[in-house]
Amino acid sequence: MSASGVCATSLLVAGVATPPEVALYFTLGAMGGVAPDVDSDGSTPLRISFETLSLLGASFLMFSLGTQLSVAELCLVWLTIFLSLRYGLFHAFNRLTVHRGVFHTIPAAFLSGFLTATISHRLGGVASLQSWIAGAFVTLGYLVHLILDEIYSVNLYGAQIKRSFGTALKIFAPHSPLASLLLYVALVASWQFTPDARPFVNIFTNPQFWQHIETRLLPHNGWFHNFRANSA
């Protein structure tokens with residue numbers, strides 16, 4: 001979250017993002033930070049994700065059938081879909097996934113960013129620049145989580161390496177070769193639907209952007225000079 005907060009604040013200072021956008025980017029970074037643990041059995045992110053998916057899926061289908069069925073039938077349809085997704089699909093997902101498997105990989109981090117950018121642009125109608133920034137924050141939070149997990153697997157004080165070393169930050173899941181292959185296929189396929197990346201690249205490769213952030217990185221007239229000047 002700290003990394004997302006610093007990056008989001010930098011965008012605000014550079015004039016690339018508005019305050020509401022900064023709040024959104026920070027939230028997306030935080031969501032990306034918990035996403036790698038979605039394959040952990042009984043994890044809070046996984047439970048919340050499936051509950052949200054179940055509610056939205058059941059409600060969407062019920063509303064689409066609103067003119068064709070009675071109230072009792074619609075309620076039965078909603079309940080059936082909700083239970084099937086919340087418990088049936090949830091149980092299957094837990095059985096088929098292994099903690100620190102394909103979701104704990106670098107390509108999964110970039111896939112989450114690509115999907116975020118694509119959904120924001122094509123379904124949300126967000127401009128390509130803002131969509132790519134949103135995707136970048138999700139990927140950033142995801143990668144920070146993986147890096148911290150990998151650092152935690154090394155005991156710096158005792159100069160020991162834990163058994164979990166190498167399971168957090170990796171480019172594929174050795175115990176799930178088929179899932180890893182499908183992940184790369186999904187990564188390449190998702191790239192084809194992402195919005196135009198040129199505005200994003202142009203902003204972040206512009207030396208003036210980084211110079212502006214550098215000049216605003218630290219106060220030049222003493223800490224909280226503007227507040228003291230206004231008070232005087």
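Start at Gly 125. This glycine follows helix H5, and its phi is positive, near 70°. Helices here are DSSP runs of H or I with at least four residues, strands are E runs of at least two, and both are numbered from the N terminus.

A word on the model. It is predicted: local features need pLDDT of at least 70, side-chain atom pairs count only at pLDDT 80 or more, and totals for chains, interfaces and linings use all residues. Residues are numbered from 1 along each chain as its sequence is written, and side-chain values use heavy atoms, with hydrogens and water left out.

**Stop 1: helix H5.** Select residues 106-123.

Now colour the buried residues of H5. Buried means under 20% relative accessible area, exposed means over 50%, and partly exposed is in between (1.4 Å probe, protein chains only). Among the buried ones are Pro 107, Leu 111, Phe 114 and Thr 118. What covers the buried residues of H5? The cover includes H6 and helix H7 (177-191).

**Stop 2: Leu 178.** Move to helix H7, where Leu 178 lies. Is Leu 178 buried or exposed? Leu 178 is exposed, with a relative accessible area of 58%.

**Stop 3: a surface patch.** Select Ile 147, Leu 148, Ile 151 and Leu 169. Together they form a nonpolar patch on the surface, with about 340 Å² of accessible area. Patch members have over 30% relative accessible area and no salt bridge; nonpolar side chains (Val, Leu, Ile, Met, Phe, Trp, Tyr) are joined within 5 Å, like charges within 9 Å. Areas come from the Shrake-Rupley method with a 1.4 Å probe; for residues, only the protein chains shown count as cover. Ile 151 lies in helix H6 (residues 128-152).

**Stop 4: the salt bridge.** A salt bridge puts a side-chain nitrogen of Lys or Arg within 4 Å of a carboxyl oxygen of Asp or Glu. A search of the whole structure finds one. Select Arg 198 and Asp 196: their side chains meet at 3.0 Å, N to O. Arg 198 is exposed, at 58% relative accessible area. Asp 196 is partly exposed, at 35%.

**Last stop: zoom out.** The protein chain has 10 helices and two strands. Buried residues make up 34% of its 232 residues.

Methods. The expected span of a helix is 1.5 Å times one less than its number of residues. Contact means heavy atoms within 4.5 Å.
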